[in-house]
Amino acid sequence: TTTQTLLEVHDVTIKFGGITALDGVSFDIREGEILGLIGPNGAGKTTCFNVMTGVYQPTSGQIRFAGTGLAKMKRHAITRLGIARTFQNIRLFKSMTALENVLVGADAHSRVGFFHALLRTPLQRREEAESRERAMELLKFMGLARRADELAVNLSYGDQRRLEIARAMATNPKLICLDEPAAGFNPAEKVVLMDLIKKVRDRGYTVLLIEHDMKLVMGVTDRIVVLEFGRKIAEGTPAEIRDNPAVIAAYLGVE
Ligand code: ATP
């Protein structure tokens with residue numbers, strides 16, 4: 001079997017003034033895999049998401065997604081191309097319902113503006129009805145169907161985290177990047193989330209996962225890339241990473 005490369009990070013360096021946040025980092029994400037991105041605090045994981053999604057431009061190096069170079073591409077263009085993400089700190093529209101939050105995600109992808117209600121054509125109305133159906137289906141998938149009409153601000157912390165994933169999925173991405181989705185979860189919630197991440201992949205999405213909990217990372221990923229001080233120090237299967245001396249040293253160094 002041949003596995004296609006979906007995203008290619010090639011020799012990416014990004015500097016913020018005197019800080020080199022990423023230093024010549026290269027790795028591939030293969031279609032259909034769950035790739036873990038780990039490393040001690042400040043290693044450059046979130047920066048990696050930021051350069052992949054157009055928040056920052058790399059100082060040097062290239063990123064290619066499904067054959068297209070992302071250089072100079074704006075965030076919304078990258079979303080449309082098929083990369084979605086969640087954030088370390090939850091970023092929901094607090095005064096909108098759960099369903100509306102997912103619809104806003106879908107809207108980032110479609111050409112139909114949900115807020116121009118008076119100007120809608122029959123075709124747009126039909127598209128809107130379909131989007132609602134799809135959004136409801138995503139909420140159901142995330143176990144949030146009964147929360148659809150509740151304001152995001154009133155949802156439990158765990159439900160807000162899951163809603164973020166539903167909203168990211170609503171843009172119909174090929175690649176979904178999760179930035180510490182289990183932060184603040186108890187062990188039982190982590191087990192549920194692990195299962196959900198696998199189900200997300202089984203629906204056909206490719207997943208990139210930043211996560212500090214080693215048990216979760218080892219249990220859910222196919223491969224892992226390890227960063228330390230902006231450099232890639234290791235790459236391999238969970239079993240290979242667990243036994244890698246450089247990785248063990250990096251983690252012991254910060255304990
Ligand atoms: P954590 O696990 O703590 O979230 P991380 O691996 O995600 O860490 P990054 O947030 O990517 O690490 O940060 C990598 C380095 O880049 C840090 O030294 C950080 O201070 C620096 N950095 C990131 N963004 C900026 C910025 N906009 N301006 C200046 N420095 C930045």
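Mentor: Of the 14 residues around the ligand, the nearest are G42, K45, T46, T47 and Y56; a residue counts as near if one of its heavy atoms lies within 4 Å of the molecule. Keep in mind that this is a predicted model, where local features need pLDDT of at least 70 and side-chain atom pairs count only at pLDDT 80 or more, while totals for chains, interfaces and linings use all residues. Residues are numbered from 1 along each chain as its sequence is written, and side-chain values use heavy atoms, with hydrogens and water left out.

Trainee: How confident is the predictor, then? What's the mean pLDDT of the protein?

Mentor: The mean is 90, and 93% of the residues reach 70 or more; pLDDT is the predictor's confidence in each residue, from 0 to 100. The model scores ipTM 0.93 and pTM 0.90. Where pLDDT is low, the predicted coordinates should not be read in detail.

Trainee: Which side chains have a polar atom by an oxygen atom of the ligand?

Mentor: T47 has a polar side-chain atom 2.5 Å from a ligand oxygen, and for Q88 the distance is 3.3 Å. K45 belongs here too, with a side-chain N or O atom 2.8 Å from an oxygen of the ligand. The protein covers 66% of the 640 Å² of accessible area that the ligand has on its own, by the Shrake-Rupley method with a 1.4 Å probe.

Trainee: Changing topic: how many salt bridges are there in the whole structure?

Mentor: The search finds 12, each being a side-chain nitrogen of Lys or Arg within 4 Å of a carboxyl oxygen of Asp or Glu. Take R203 and E137, whose closest N and O atoms are 3.1 Å apart. That pair links distant parts of the chain, 66 residues apart: R203 sits in the loop between helix 6 (187-202) and strand 8 (206-210), E137 in helix 4 (residues 122-141).

Trainee: Which residue does R147 pair with?

Mentor: D159, with the closest N and O atoms 3.3 Å apart. R147 is in the loop between helix 4 and helix 5 (157-170), and D159 is in helix 5, 12 residues apart. R147 is partly exposed at 31%, whereas D159 counts as buried at 11%.

Trainee: Which residues are joined into one network?

Mentor: E33, R223, K232 and E235, through salt bridges that share partners.

Trainee: Last one: where is I224?

Mentor: In strand 9 (residues 223-228). I224 counts as buried, at 0% relative accessibility.

Note on methods:
Helix = DSSP H or I, 4+ residues; strand = E, 2+ residues; numbered from the N terminus. Buried < 20%, exposed > 50% of the residue type's maximum accessible area, 1.4 Å probe, protein only. Polar contact = N/O pair within 3.5 Å; in protein donor to acceptor, adjacent residues only side chain to side chain.
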